[in-house]
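Please consult the sequence and structure below.

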Amino acid sequence: MNTLEMLRALRAMTVLGDIASGAVTVADLEALGIRDAAAWARHAATYHGPTRQRARQAAARAAGAGLSPDALMVVEKHVRKLLAGAAVTEWELRVELCALRGTVEEIDRAAATRVREYNRGVEDAERKAYGRRALKGGKNTDALGNRTFTVTGPERVIADVLGGIRTVAGQLRRDDPRLTYEQAMFDAFLDTRGGGPAREVVITVLPLPESTKVLRQEGDETVFARTDGTTITGAELVAEAMVEEGYVGIFDPVRGGVNVYRDERFANFKQRVLLSAETILCPHPGCTTPANQCQVHHLTAWEQGGETNIENLSMACAVHNARNDDDPNAPPRNGRLERRAGGVVHLPPDGGPPRENIHPIRTLSAMALSRT
Ligand SMILES: [Zn+2]
């Protein structure tokens, strides 16, 4: 038997069956260097041991006949996360998850999504999930002398915490470009420890027809995506809007972004798209940073009362955004960007004539094309 044949024969249900029958013992597995021997024995009892759900147990075994031991571990990991009171029983879920196909990672993601769906329907799901919050590890020192711990909590809490840390990390990396993302996140974590970091603005994407339903509280079960990579249901959205200032961007399928809040400091997606198309590159003379890597720049600074509307915005790279002379009353140092008829120009600090970024690709920008 060659390696491929051996791996093909090593299916989870076969191994579990042999453990259950006593043909293979936990001691055998450990002697052969199988790390999760104890877990295998547990799963053998689950899939072959006594249960009142004989039919479902058999169905799960049949559905999972092709699964590798790693895939079955993933299935069981997610079965453990099913909350009491969900619309499916543990065994129904097992049958469903055992039927998943794909790589272990694909099965992992698909299973997580399905169990999340079931858990969302559980009354008091948030409180129950919060009961499983944890900070674990940090006890073992590795060969380098480092330690690691993991933090588990509701997605929104974690996203909020990391959003704040990421904001500080971005600043640290601008100050010291040699920092890697991970290093900056660590330094920012220490910086913000206990200090209540500034929160990232999170926008919930809400299609226009759904928004009226949510406002009438009829869209409770509908799931919406948020720009921090988390999701939220209509019911949670209404609850959040009532307790804290949340940002909700309403998007019409044809017209795009519908609402532009006067009080919203951060430009919406539609504005970013239009501004990016307008300028293609950072408008600073000589700059080659593409719009997609630029930040949204307020031409009249937010602090000076500048509004978040297209006329007052431009894309600008991180360097030229930071170097811009935002305060018109302060002595000029680097000059400032300004919108003139025909596009955004740079006014040099010496009071000389306005200059454009004349990079050739900008002749194809939306603004240049609209001038011809
Ligand atoms: Zn630039």
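Along the chain, the donors of the zinc ion follow the spacing C-x4-C-x29-C-x2-H; donors are N, O and S atoms within 2.8 Å of the metal (3.2 Å for Na, K and Ca), and water is not among the atoms, so sites may look incomplete. The model is predicted: local features need pLDDT of at least 70, side-chain atom pairs count only at pLDDT 80 or more, and totals for chains, interfaces and linings use all residues. Residues are numbered from 1 along each chain as its sequence is written, and side-chain values use heavy atoms, with hydrogens and water left out.

**Zinc site**
- The protein donors are Cys282 (SG), Cys287 (SG), Cys317 (SG) and His320 (ND1), which lie 2.0 to 2.3 Å from the zinc ion.
- The arrangement is tetrahedral because the four donor atoms subtend angles of 94 to 115 degrees around the zinc ion; four donors count as tetrahedral if all angles lie between 85 and 135 degrees.
- Both Cys282 and Cys317 are buried (under 20% relative accessible area, 1.4 Å probe, protein chains only).

**Helices α4 and α6**
- Helix α4 (residues 37-48) packs against helix α6 (residues 69-79) at an angle of about 70 degrees, with the axes 11 Å apart; helices are DSSP runs (H or I, at least four residues) numbered from the N terminus, and axes are lines fitted to C-alpha atoms over the stretch in contact, with angles from 0 to 180 degrees between N-to-C directions.
- Residues in contact (heavy atoms within 4.5 Å) include Trp40 and Tyr47 in α4, and Leu72 and Met73 in α6.

**His78**
- His78 lies in helix α6 and is buried, with a relative accessible area of 6%.
- Beyond residues up to four places away in sequence, His78 touches Leu93, Leu97, Asp108, Ala111, Ala112 and Val115.

Key. Tetrahedral: all angles 85-135°; square planar, octahedral: opposite > 155°, others 65-115°. Buried < 20%, exposed > 50% of the residue type's maximum accessible area, 1.4 Å probe, protein only. Helix = DSSP H or I, 4+ residues; strand = E, 2+ residues; numbered from the N terminus.
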